Amino acid sequence: MIVDLNLKGRNILVIGAGMEGAKRIKSLSNQDCKIIIVSETVNESLYEIEGKNTPIIIIRRKIEDPNIIDEFSDIFIVFASTNDPFLNKKIIARAKEKGILSYSMDDASSSDFFFTSIINIDETIQIAISTSGKSPLMSKIIRDRIENAIKNIIGKKDTDNIKIQEFAREHVRNYIKNQHERRMFLYSLVDDQEIQELVAKNNMNKVKERIINTLDKWEDNKGR
Ligand SMILES: C[C@@]1(CC(=O)O)c2cc3[nH]c(cc4nc(cc5[nH]c(cc(n2)[C@H]1CCC(=O)O)[C@@](C)(CC(=O)O)[C@@H]5CCC(=O)O)C(CC(=O)O)=C4CCC(=O)O)c(CCC(=O)O)c3CC(=O)O
Ligand SMILES: NC(=O)C1=CN([C@@H]2O[C@H](COP(=O)(O)OP(=O)(O)OC[C@H]3O[C@@H](n4cnc5c(N)ncnc54)[C@H](O)[C@@H]3O)[C@@H](O)[C@H]2O)C=CC1
């Protein structure tokens, strides 16, 4: 099942920060979570993140024992990403014992989740492709193919409409109490020719004004 994980404020423990671990750490580094790295050596691509404000703690230590997990509290996910399959296995087993979500870099079948191939459109829309560990290579090839075709399907109009919907959803709750009506109102914005013309002209302030005006009238219509 593909879900969009909210890691805000969570503590993530990454054990092993080589080439592959570093890729995962980079993906985590813009998720507003705290990253604790325990690794004998650290891939040099991480040096640039280390000095920055991102909440990352790097502990350079060779570990023998998966009980390292017990040294930290409130861990949400443990990444077992060393190049030692036996150690990774032990880390996963300990995490499972403790009921912590775990991810194995070298054994998909024991991971609680997989990374996906992601198409990111304007930091607003994400499309994820997964074969659930069957063939990461095919996920990548399919991503390439979709990325090329997608330019004709999803564009600025869609990302603008997402911003409008975000604004409207925030306000509509204060005006329309009934969920069916709220849904109808939100759909009506996408079908509203004038709004869509303003969107095309990049006049977002006018769109927002219009939304508020329409909502005001909506309430009037209810005779309040
Ligand atoms: C299970 C999973 C768990 C996880 O790591 O999350 C996993 C596991 C493993 N990958 C391995 C190898 C490769 N991985 C890639 C590429 C990607 N791998 C990604 C995800 C996943 N990889 C998860 C399943 C996702 C799915 O099934 O869809 C992508 C999509 C996302 C990302 O990495 O962020 C990213 C493409 C991003 C993009 O560009 O779009 C390539 C291709 C290349 O490098 O060119 C190869 C070499 C070719 C091959 O093996 O297919 C190995 C064997 C290591 C070994 O041989 O020792 C394992 C371990 C195992 O299978 O047990
Ligand atoms: N999931 C995926 O997409 C892929 C997974 N892999 C697998 O990932 C694993 C890791 O690969 P790389 O990152 O390339 O290896 P690497 O050799 O670059 O990194 C391994 C890291 O683990 C650390 N480490 C090893 N033993 C340790 C210990 N006892 N205590 C503390 N730190 C320790 C090392 O210091 C190093 O930083 C391999 O098993 C590989 O098969 C490889 C390619 C893709």
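This is a predicted model: local features need pLDDT of at least 70, side-chain atom pairs count only at pLDDT 80 or more; totals for chains, interfaces and linings use all residues.
Residues are numbered from 1 along each chain as its sequence is written, while chains are lettered from A and ligands numbered from 1 in the order in which they are written. Local features need pLDDT of at least 70 and side-chain atom pairs count only at pLDDT 80 or more, whereas totals for chains, interfaces and linings use all residues.

**Sheet and hairpin**

Helices (H or I, at least four residues) and strands (E, at least two) are DSSP runs, numbered from the N terminus. Two strands pair if DSSP finds at least two bridges between them.

Five strands, in the order β3-β2-β1-β4-β5, form an open sheet with parallel pairing. The edges are β3 (56-60) and β5 (101-104), each with a single partner strand, so one side of each has no neighbour in the sheet. On average, neighbouring strands of this sheet are turned by 15 degrees against each other, direction ignored; axes are lines fitted to C-alpha atoms, for helices over the stretch in contact, and angles run from 0 to 180 degrees between N-to-C directions.

| Pair | Sense | Bridges | Facing residues |
|---|---|---|---|
| β4 (75-80) and β5 | parallel | 4 bridges | valine 78 and serine 102 |

β6 and β7 form a hairpin with 3 residues between them, and in its turn aspartate 122 has a positive phi of about 55 degrees.

**Helix pair**

The axes of α5 (156-175) and α6 (179-191) come within 10 Å and cross at roughly 150 degrees. This makes α5 roughly antiparallel to α6 (under 35 degrees counts as roughly parallel, over 145 as roughly antiparallel, 65 to 115 as roughly perpendicular and the rest as oblique).

**Ligand surroundings**

A residue belongs to a shell if its C-beta atom, placed from the backbone, lies within 6 Å of the ligand. Ala, Val, Leu, Ile, Met, Phe, Trp, Tyr, Cys and Pro count as nonpolar, Asp, Glu, Lys and Arg as charged, and the others, Gly among them, as polar.

Ligand 1 is surrounded by 19 residues, the closest being Phe115, Ser117, Pro136, Leu137 and Ser139. Helix α4 (136-150) gives the most to this shell, with 5 residues. By class, the shell around ligand 1 has 5 nonpolar, 9 polar and 5 charged residues.

Around ligand 2 there are 19 residues, and Gly16, Gly18, Glu20, Glu40 and Thr82 are the closest. β1 (11-17), α1 (19-28) and β2 (34-42) each supply at least two residues of the shell around ligand 2. That shell divides into 6 nonpolar, 8 polar and 5 charged residues.
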